[in-house]
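The sequence and structure come first.

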Amino acid sequence: MSSSLRKETLSTPSTAAAVAYSTAISLGAPIAIVDDATTATTADLIRDSTHLLKLQKAVEIASLSDSHKLINIIVPASELIKLIPTLRDLAQNKRAAVLHVPISSASDVSDILSVRDSGCSLLRSSSAQQAVDFALAAALSAQKLGTPFIHCFPESTGSQNIQAYKSLTDNAEIASFVDSKQESEDSSSPVEATFSVVSQALKLFDTRYSPISYEGAANASLVYVTFGTEIAAEALGEAGAVQISLLRPLNMQAVVEKLPQSALRVVALEQVVRQPTPWGPMLFDLAAVLHSQEWEAQTERKRPIILDAVSAAPAAAFSTQQLAQVTKHATGLDSPAHFNPAQLAGIAEDGAQTQSPADLSGLSLEEKRQRVESIPYGQLLRNMFKDRLNVANAAESQTIWGDAGRTESNPEFGFGQLATYERERAQLAQAVGEVLRDVNVPLSKALHSALSLWLGGRDNAAVATAEQASEISSLLEAEAGAHPALETVQRLRGRFELRSNWLVGADEWAYDLGNSGVHHVIASGLNINMLVLDTAQYPFAAENKHGARKKDVGLYAMNYGTTYVASVAVYASYTQVLQAFAEADAFPGPAVVVAYLPHSDGVFSSNYSPIDVLQQSKLAVDSGAWPLYRWDPLTRDSEKRFQLDSEKLRRSVQDFLKRENVLAAVGATEAQLSGGLGVSEERHTGARLARKARGDVDAL
């Protein structure tokens, strides 16, 4: 039933405008709006301009060390990847901020899922009314928990009436919720605490709302699982559906409880494009749930088959007949599999970008370079850098995996290409500088302005774009022959665009670092990025088949002190991979990213079990055998140069340091021993503590 808090009917030009109005007026909180169109439609609703902030100002306020203010930001999904460092900072510093993200396409959903491991809670609403209610619930939860939220909602334009709220700042029920201490708050886990708080916040606006809900037949043998999208009960037929509105942090116990005992098949119904693996992100969450301690505690339950239905079409696009067709197909699958439900049901998809294995025989060098995108990390590189991406060696060749082969495929050959590009770009910058300083060179105002802009931002991807390069080239053509000094600039005009240059290789390089491309890249000091893939199964072997000992590529690179280094695992933290790639690309020098890819059938294989890959990645990362980290030697604050991103390992280190501090504090005080404590017992206690300390260190 509806909440008694509702006070007025609001006519808005878009859902985003309604969300902006509600968070700014109902809660009296400042809001930043990134999208110009939303700003224009919202300005008429929010008369008080003090509520409207620029994005940078909002982030600055939210990031202040002494800030307890709630900040709301409406931002397009396409901007989220750029904000990954900010999102991580907000999460680590426990700031009350909410990013409201309108969804208008499957591409938007993909962008949102790209930041699912940023440390922010992730909440999704499925209607215009829910968008307003969930926006307020997310804001109140962020205030109560002191943590950032990402709230995504379906965007719709055109006049619509939504139940809104007048000021809630003086409402006793709201004040009681924000100020009250959560039951068992100190003892509950962050996952349980967040789930409980969000559940309470949602029910303030409608008692039917829940972070995770179930719809459909009570004894369903096939159950769909969606991220915040509703499937009508009448469309489900004999199937069921679990709607996960709060995806991060994921409460596995709640998911287990919502799945009916009768479930034999669980289908992740995903709306995703540009996915880096054949399996969608929800599939890996489901695999984690069905192999979790929470599931294992259900001793009498049979583990259902996991299926992955990935397409660009939202769940709402399937009619009753079409969903019945998908259900029939899925019911006939007896082993883990993935399929496209939209193609099966005859639904047109917009922007789907899926890849499948191809015949490698007879491919040209360029086609082989493009094949880099068929591996998860390769496609991530393409998604991030798009046309800027330049992989300089043919990753499909044998040489990249440590054997002899074609010269143009060799990583050293690729390095030579990139080194030439960097030298020529430096020559272009010098030539442009000389032309601009020479008053005798006749330059048009347009060309002078364009060259000046490029020279000042030539290392900024937002400035040195392909569009700007084309504009400068056109201006140079128009003024060709005006002065001999322009000849060098004209000759090197192909270097105006800033490319993201990468070499891709395998861990075989790690057995002979001194003679491999790794050493050449690091020692060069040039702005070249290297991606080194490790496909070893956990636990790792110390030696290869030839008896050569494997070396730590990351540690080797860090020892130089001038190289950006990151260790990543796409199946453990998707968001951390994106942040590492972005930082490596922005670093003005060599960068090495070592990436874990446990594919037993080879790096280019798509024939692998998602459960095996997930388990391998989790074991390797959680054990510390494959730590996730980032090292930036140019960070001014020396304490922040090394960032340990392995969540479980970081908590272990923090717990260890806390125990060390306690022991140090105890040791610094004068011992007060009772008369009954004998010397032998004292020695026994000291030895026991020493053994425990050594055990903690060994475990770490």
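## Two crossing helices

Helix α16 (residues 376-385) and helix α23 (residues 574-586) have axes that come within 11 Å and cross at roughly 60°. Axes here are lines fitted to C-alpha atoms, for helices over the stretch in contact, and angles run from 0 to 180 degrees between N-to-C directions. Angles under 35 degrees count as roughly parallel, over 145 as roughly antiparallel, 65 to 115 as roughly perpendicular and the rest as oblique; α16 and α23 are therefore oblique to each other.

The crossing of α16 and α23 is right-handed, meaning that the near helix is turned clockwise from the far one by less than a right angle.

## Basis of the model

The model is predicted: local features need pLDDT of at least 70, side-chain atom pairs count only at pLDDT 80 or more, and totals for chains, interfaces and linings use all residues. Residues are numbered from 1 along each chain as its sequence is written, and side-chain values use heavy atoms, with hydrogens and water left out.

## The largest cavity

The structure holds 2 cavities of 30 Å³ or more. A cavity is a set of points on a 1 Å grid over the protein atoms alone where a 1.4 Å probe fits but cannot get out, and lining residues have an atom within 4 Å of a point. The volume of the largest cavity is about 110 Å³.

Its lining has 14 residues, with R124, F227, L269, E270 and Q271 nearest the centre. Two or more lining residues come from each of α5 (106-114), β10 (222-227) and β13 (265-271).

## Helix α5

Notes:
1 Å grid on protein atoms, 1.4 Å probe; cavity = no way out; pocket = protein on both sides within 12 Å on 5 of 7 lines; lining within 4 Å. Points joined across faces, edges and corners; volume = space filled by probe spheres on them. Helix = DSSP H or I, 4+ residues; strand = E, 2+ residues; numbered from the N terminus.
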